[in-house]
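Here's a quick tour for anyone meeting this structure for the first time. Have a look at the sequence and the model, then read on.

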Amino acid sequence: MTQVEDNPDWNEGVSEDLDDEESDLGMESLDRTALAIRGVVLVPILFSMMIPTLLKSEDWRQRRAALMAISTVGEGCIQVLTPNLDNVMEMIFPMFRDSHERVRWAACNTVGQLATDFGPFFQMHYAQEVLQNLVHVMDDEGNPRVQSHAAAAVINFCDHCEPSIIEPYLQVLLQKLDQIMKQGKMIVLEQAITAVAAIADCSKKQFIPFYDIFMPFFKGVLQNATGEAYSKLRGKAMEAISLVAVAVGLETFAKDAKEVLDLLLQIQAGPLDDLQVPFLQQAWARLCKALGPDFVPYLPALVPTLLRSAQLPADLKIVLVEEEATLDEEKW
């Protein structure tokens with residue numbers, strides 16, 4: 001897991017990652033080991049000496065590997081780690097201020113994974129420290145991939161979070177996300193938009209004071225981010241608009257509803273690539289929920305498309321138990 005190459009193009013995104021095969025195999029092996037032998041055996045081996053030693057190393061690769069190990073074994077060692085999570089978090093938090101950007105990225109990755117594996121316990125106990133540190137690394141303008149991963153960790157955090165937990169941090173979180181979205185860096189923009197949507201979905205009506213900050217921006221993405229290169233970004237905007245609409249309710253969303261639905265109808269009229277289709281379908285479903293009876297005028301334009309989608313063959317195959325081994329060989 002320490003066998004990672006320096007990569008001058010690392011900040012460009014996953015597409016520019018080098019083939020760090022040994023590191024990837026190390027993480028896969030550690031994950032399988034954790035699931036197989038569980039925490040009673042593995043946690044003392046890792047956390048008594050190995051991980052603390054690696055975190056103190058002068059080599060950024062070793063510090064990164066320590067954090068990746070923590071994120072990898074969480075699921076398999078959850079029963080043993082849960083009562084010891086305070087000690088684990090004390091190891092992680094200082095790494096948000098590490099001198100190397102890839103260690104800071106790994107810190108974001110680790111808290112994001114732990115938020116998933118240990119939620120909602122994690123959110124209840126560590127909200128303040130986690131969110132403060134994620135906001136801190138969102139200021140790392142020289143490393144947009146760190147900013148992006150901090151936003152991604154916020155998304156994970158919101159998945160198991162109650163509105164009352166995130167409410168005290170809404171102002172600082174959303175102010176920072178608004179700031180990094182306006183930097184215009186694609187790698188940051190996609191995750192930041194989704195993070196705002198996740199916060200809205202979590203906070204519900206508490207998002208209303210921030211509605212007028214973000215809805216015009218999301219509509220602007222739908223209107224202006226045209227072309228194949230922006231397909232995913234438009235999809236993220238559709239997702240965000242529909243999640244925000246459900247969160248704040250019709251009374252708040254009503255002033256933008258017609259414009260948004262008309263924009264979506266234009267997008268649906270095509271050309272529409274495969275990447276945008278699931279985003280669009282899910283957005284229609286959420287907007288139907290948000291608008292209720294006010295959605296009825298749009299049904300004639302939507303139902304024929306939905307019926308055609310329903311007639312497509314499902315990407316599903318039912319097999320007998322004895323056929324499973326053959327499917328594994330075929331990479332099903």
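## Starting before helix 1

Let's begin with Glu5, which sits in the segment before helix 1 (21-55). Helices here are DSSP runs of H or I with at least four residues, numbered from the N terminus. With a relative accessible area of 48%, Glu5 is partly exposed; that label covers whatever falls between buried (under 20% relative accessible area) and exposed (over 50%), using a 1.4 Å probe and protein chains only.

A word on the model: it is predicted, so local features need pLDDT of at least 70 and side-chain atom pairs count only at pLDDT 80 or more, while totals for chains, interfaces and linings use all residues. Residues are numbered from 1 along each chain as its sequence is written, and side-chain values use heavy atoms, leaving out hydrogens and water.

Patch members have over 30% relative accessible area and no salt bridge; like charges are joined within 9 Å, and nonpolar side chains (Val, Leu, Ile, Met, Phe, Trp, Tyr) within 5 Å.

There's a nonpolar surface patch too, of about 450 Å², made by Ile37, Val40, Val41, Ile45 and Met50. Such areas come from the Shrake-Rupley method with a 1.4 Å probe. One of its members, Ile45, belongs to helix 1 and is partly exposed at 45% relative accessibility.

## Salt bridges

How many salt bridges are there? The count is 13, where a salt bridge means a side-chain nitrogen of Lys or Arg within 4 Å of a carboxyl oxygen of Asp or Glu. One of them joins Asp139 and Lys176 at 2.5 Å, N to O. Asp139 is in the loop between helix 6 (121-137) and helix 7 (144-159), and Lys176 is in helix 9 (residues 170-181), so this pair ties together parts 37 residues apart in sequence. Asp139 is partly exposed at 41%, whereas Lys176 is buried at 11%.

Another bridge, at 2.6 Å (N to O), pairs Asp256 with Lys219. It links distant parts of the chain, with Asp256 in helix 13 (residues 250-268) and Lys219 in helix 11 (residues 211-224), 37 residues apart. Both Asp256 and Lys219 are buried. Asp178 and Lys182 also meet in a salt bridge, at 3.2 Å, N to O; here Asp178 is buried at 15% and Lys182 is exposed at 57%. Finally, Asp6, Asp59 and Arg61 are linked in a salt-bridge network.

## A covered helix

Helix 12 (residues 231-248) has 18 residues and runs 26 Å from its first C-alpha to its last, close to the 26 Å expected at 1.5 Å a residue. That expected span is 1.5 Å times one less than the number of residues. Helix 12 is mostly covered, with 16 of its 18 residues buried.

Most residues other than glycine have a negative phi, and most peptide bonds are trans. Which residues have a positive phi although they are not glycine? Arg38 does, at about 65°, and so does Lys204, at about 55°. Arg38 lies in helix 1 and is partly exposed at 42%. Lys204 is in the loop between helix 10 (186-203) and helix 11, and is partly exposed at 38%.

The peptide bond from Gly119 to Pro120 is cis, with omega near 0°. Pro120 is in the loop between helix 5 (101-117) and helix 6.

Definitions and conventions:
Helix = DSSP H or I, 4+ residues; strand = E, 2+ residues; numbered from the N terminus.
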